Amino acid sequence: MASASLLKSSPVLNKSEWVQGQTLRQPSVSVVRCHPVAPSALTVRAGSYTDELIKTAKTVASPGRGILAMDESNATCGKRLASIGLENTEANRQAYRTLLVSAPGLGNYISGAILFEETLYQSTVDGKKIVDILKEQGIVPGIKTDKGLVPLTGSNDESWCQGLDGLASRSAAYYQQGARFCKWRTVVSIPNGPSALAVKEAAWGLARYAAISQDNGLVPIVEPEIMLDGEHGIDRTFEVAQKVWAEVFFYLAENNVTFEGILLKPSMVTPGAECKERATPEKVADYTLKLLHRRIPPAVPGIMFLSGGQSELEATLNLNAMNQKPNPWHVSFSYARALQNTCLKTWEGLPEKVGAAQEALLLRAKANSLAQLGKYTGEGESAEAKEGMFVKGYVY
C-alpha cells in the first residue's frame, strides 16, 4: 500500500525525464512517508548486444569504405546472369558470388557485404565458406532479412514489406551463422502519392524490424527507398523524403531502437528518373545534406546511400559531392548495380575473365572509396560506367 500511496502523491513525469540506461529521476516528496520503490522497477535497460551493435556499426562506417550489396534474390540474380547469357543455376550463382567476395584487396574499400540467405550458408567454388572469406578480407557479413514487397490493401496501388513473422528466430540463426548486420528494404512511390497509409506502414515496419534485429545481435540497416520513378522535380522528392524520415525516426524512438547501433540506407534526393530537368552532383548533395541535417540525429554512425538505378559514374559523383565538407555522420555507399554492372559484363561467365572482372569491381570500389573521402576526380572512367541503370518499378 505504501508504494501505491507514493504513486498517487507523485506528480506526472513527462518523457524527457526518462534517461536510457538510468533510473527515473524521482521528484521530491515531503509529505508522504513510505518505503522506496525498488529502482529496478523503473529502470530502462540497454539490450544485451548494445556494445557489440555500436562496435559493428562503427566498423561498417569506417573511413574510405562502404557496403557491397550482393543480396539479390535468386530470381533477380538470375536476371543478371541472363543478361550475359548464363542460366540461373546454383552453380552459376555460386561462381559469380565467389568472384565478388574473393577479389584481392576488396576489404580496402568495402567494410560490409549484404548477402542473400543462400549466400550466407554457401561456400565458394573452392569449398571455403563465403562468410569466412569475407572475414579474412576484413569485411563484416550482413544478411537481407525482409521477405519482399506485396500490395498494400487500401492504398493507391502501393506496397508494404513483409517478413516480421518469424524474424526473431531467423535473425538469431543468421547471427549464429556469422552475420552481424542486416537489411530490410521497403519503398515509397511518389507517383502513387505517397499515401499517408503507405508512409506510416513503411515507417512502422522498419521500426519493428530494427528493434527485433538489435534484440538478436544484428545492426539493422534502415532503408525506406524513395523510388526514382516519376516525372517530378527535386523539390518534390525533398518534400516527400522529409515526411518519410520524420515518420521513420518517430517510430524508431517509439520502439526503443538504439540509434548508435543502426545504419541508414536512404535514397539520394534527386529528380524523378523521367524528369526533364536533371540535377548536378552539387545540387543533389545540397538537397540531400539539407535533408539529413533536418531529419537524422548525429548519434547515427553511418548513412550508406543506395544508388537507386543511377549510373555507376553518377552515383560516385553524387557521393563525392556530399563529402566535400565534414558531416556528423559517415556518409558512404551501399551499392549493388553501381558496383557490379561493369564487373558482370566483363566476366561473361568465362573462367579466364574472372581476373579482369575482379579488376573492374575493384576499380568501382576504389572510386567510391575516394568519393567517401571527398577525393574522387572522375578521371579515366569507361563508357560503361556512364550507362544509366534505372528500371521502372524495380524489385529484387
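This dialogue covers the overall fold, the nonpolar core and the cavities of a predicted model.

Visitor: How many helices and strands does the protein have?

Guide: The secondary structure comes to 13 helices and 10 strands. Among contacts with a separation of 6 or more, 79% join residues 24 or more positions apart.

Visitor: What share of the residues counts as buried?

Guide: Of the 396 residues, 54% count as buried, that is, under 20% relative accessible area. The protein exposes about 17800 Å², and carbon and sulfur atoms supply 52% of that area.

Visitor: Which residues touch the most other members of the largest nonpolar core?

Guide: In soluble globular proteins, nonpolar side chains tend to be buried together. Here the largest nonpolar core holds 107 residues, and Phe249 and Leu252 touch the most other members. Helix H9, residues 234-254, gives the most to this core, with 10 residues.

Visitor: Which residues does Leu252 touch, not counting those up to four places away in sequence?

Guide: With those neighbours set aside, Leu252 touches Leu206, Ala207, Ala210, Val222, Val257, Phe259 and Ile262.

Visitor: How many cavities of 30 Å³ or more are there?

Guide: Rolling a probe the size of a water molecule over the atoms shows where empty space is left. In this model the count comes to 3 cavities of 30 Å³ or more.

Visitor: What lines the second largest cavity?

Guide: Its lining consists of Glu225, Ile226, Met227, Leu228, Ser267, Met268, Thr270, Leu306, Ser307, Gly308 and Gln310. By class, the lining of this second largest cavity has 5 nonpolar, 5 polar and 1 charged residues.

Definitions and conventions:
Residues numbered from 1 in each chain as written. Predicted model: local features only at pLDDT ≥ 70, side-chain atom pairs only at ≥ 80, totals over all residues. Heavy atoms only, no water. 1 Å grid on protein atoms, 1.4 Å probe; cavity = no way out; pocket = protein on both sides within 12 Å on 5 of 7 lines; lining within 4 Å. Points joined across faces, edges and corners; volume = space filled by probe spheres on them. Nonpolar A, V, L, I, M, F, W, Y, C, P; charged D, E, K, R; others polar. Core = buried A, V, L, I, M, F, W, Y, C linked by side-chain atoms within 4.5 Å. Buried < 20%, exposed > 50% of the residue type's maximum accessible area, 1.4 Å probe, protein only. Helix = DSSP H or I, 4+ residues; strand = E, 2+ residues; numbered from the N terminus. Contact = heavy atoms within 4.5 Å. Areas by Shrake-Rupley, 256 points an atom, 1.4 Å probe, with all protein chains shown as cover.
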